[in-house]
Amino acid sequence: VTLKIDASPKLARKIPDTLLGVFFEEMGRGGAGGLWAELVSNRGFEAGGPNTPSNIDPWLIIGDDSSIFVETDRTSCFRKNIVALRMEVLCNNDCPAGGVGIYNPGFWGMNIEDGKTYNLVMYVKSPQTASLTVSLTSSDGSRNLASITILVAGKSNWIKVKQKLVPQGTDRTSRLQITSEKKGVVWFDQVSLMPADTYKGHGFRNGLVSMLLDLKPRFLRFPGGCFVQGGWLRNAFRWRESIGPWEERPGHFGDCWNYWTDDGLGYFEFLQLSEDLGAAPIWVFNSGLSYNDEVDTAAIAPFVKDVLDSLEFARGSANSSWGSVRAAMGHPEPFPIKYAAIGNEDCGKQFYNGNYLKFYSAIREAYPDIQLISNCDGSSGPLDHSADLYDFHVYADAKTLFSMKNTFDKTSRIGPKAFVSEYAVWKTDAGRGTLLAALAEAAFLTGLEKNSDVVEMACHAPLFVNDDIEKKWNPDVIVFNTWQHYGTPSYWMQLLFRESSGSIVHPTTISSSSSSNVSLAASAVTWKDSDNSSFLRVKIVNFESVAVQVTISTTGLQASIDCCDRPPLFSHLAM
Ligand code: AHR
């Protein structure tokens, strides 16, 4: 088999700077308990719903019925998350050793590391003077890693407690416990424990962010997916409820992936993450449609206003109404949103087109430079509405995705461009991450590189999953537990493409005397690094299980192209 690369300038084409990015969705516990470094799960006691008594899971009680009584009530000082925890210590001087109280096991344990600093914030109220012990312990409470005593003066109002805990010893599945040995009543709310060491101090877990940085993503699509839509609109992501002081955020139950999030990782944090990654933010907002209910276009106006407000929050000056809220959160400079997706996978629903047009014209008028993304697939025929880009989602078996490398070959070269905003091999071929899946995805991506005159952007999905949970979706490309993480083959495959955005793609031709070339896919790109060195990267996918000998020949390479005098980092991918 011969692979010919024609690198002559006349046939070279620049790939869009934005070609490859990442898609973060709050699913698989990827945000709360994952990328977002908060260690306390259900920190505001809201996960059990607004009606009390409520389930305080995963909080648990230390002590028995004769020594402690714990319940929730609606006496919080926070209007939007009104549920608080009331702890009544019944024992007095006869409490069990270590006292009685409550503990939080975090998200399947807390990773507590020797000598590191952990910031504790909690709100407490106690009508009588109370002495509380806050500790970090092993999962069964038997080993103490850090302990502080907090004296709460007897008062009728809430007070904010801020303390630092510095453990002596490491435990990857620790818990946070709050105990007392004296009779009395104490209320708690918004109990937070964050490692002091997060990425740029912005609250993101370092190791997981570095996995994203390594991909050099050019954009961040957020926050979903189905998470944006919700099973029902009342459970959809609401940007407005996810900004401002974390203590005042109500949190919500995401009924697409069926878990509660306190929205500590909210709209502001997604914008901040985009900035930290050097990636363009792509805000996917709800189009007034969920899986089960739809807002009639005649009633969509408040949703349109809500989205305009979200854009002002991101882009408005620090003096604008919503820009000032962003500035108060510590970011006076605007976040440069240049892309917004009108809904997710909503095309074909009764009110999608009508709602789309309302969003489209309002945003176009207010922010003419924002590229608007339609959910309707324009790859095989023209859209019946204006759009700058259209979403294209594909989840398929490996053979199908491999064959889809030519999908955009016949797409019209005029009209809106494609945003392949979710692609992956799934189900049997993918398992929990396989080389087969990565190969098919790589072949698909070579097709996108070659068609990057009509494909503006692409990202794999989904991104993160907590290894401790029952996985609702397989595979996810970055798997983590409280302290470790790894990338599946699909993750490492994406690393092979990380230089593609903004590089130059060259025509490739595969020729063979046999029919084996049908199982090969290839692409060739060149680029210059910041030190002005030039590189050629050739990617070849062999989708069959037999080895193929390939002769690579290039013509037209410029003298400055430095392809061979250094070890190829990721020069080919073959099975
Ligand atoms: O990526 C997982 C899900 O797949 C997304 O939430 C949704 O957009 C798609 O159906």
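I started with an open sheet of three strands, in the order β28-β1-β31 and with mixed pairing. My strands are DSSP runs of E, at least two residues long, numbered from the N terminus, and two of them pair if DSSP finds at least two bridges between them. Strands β28 (508–511) and β31 (551–555) are at the edges with a single partner strand each, so one side of each has no neighbour in the sheet. On average, neighbouring strands here are turned by 20° against each other, direction ignored; the axes are lines fitted to C-alpha atoms.

Before going on, I noted that this is a predicted model, where local features need pLDDT of at least 70, side-chain atom pairs need 80 or more, and totals for chains, interfaces and linings use all residues. Residues are numbered from 1 along each chain, and side-chain values use heavy atoms, without hydrogens and water.

Next I looked at β1 (residues 2–6), which pairs with β28 in the antiparallel sense over four bridges. Thr2 has Ser511 of β28 as its bridge partner.

Then I turned to the ligand. Residues around it (a heavy atom within 4 Å) include Glu25, Met27, Trp257, Asn344, Tyr395, Glu422 and Trp473. I sorted the shell into seven nonpolar, two polar and three charged residues, with Tyr and Trp counted as nonpolar and Gly as polar.

Which side chains come up in polar contacts (N or O pairs within 3.5 Å)? I found a polar side-chain atom of Asn344 at 2.9 Å from a ligand oxygen. For Tyr395 the distance from a side-chain N or O atom to a ligand oxygen is 2.8 Å, and for Glu422 it is 2.7 Å. The protein covers 92% of the 280 Å² of accessible area the ligand has on its own, by the Shrake-Rupley method with a 1.4 Å probe.

Note on methods:
Axes fitted to C-alpha atoms, helices over the stretch in contact; angles between N-to-C directions. Polar contact = N/O pair within 3.5 Å; in protein donor to acceptor, adjacent residues only side chain to side chain.
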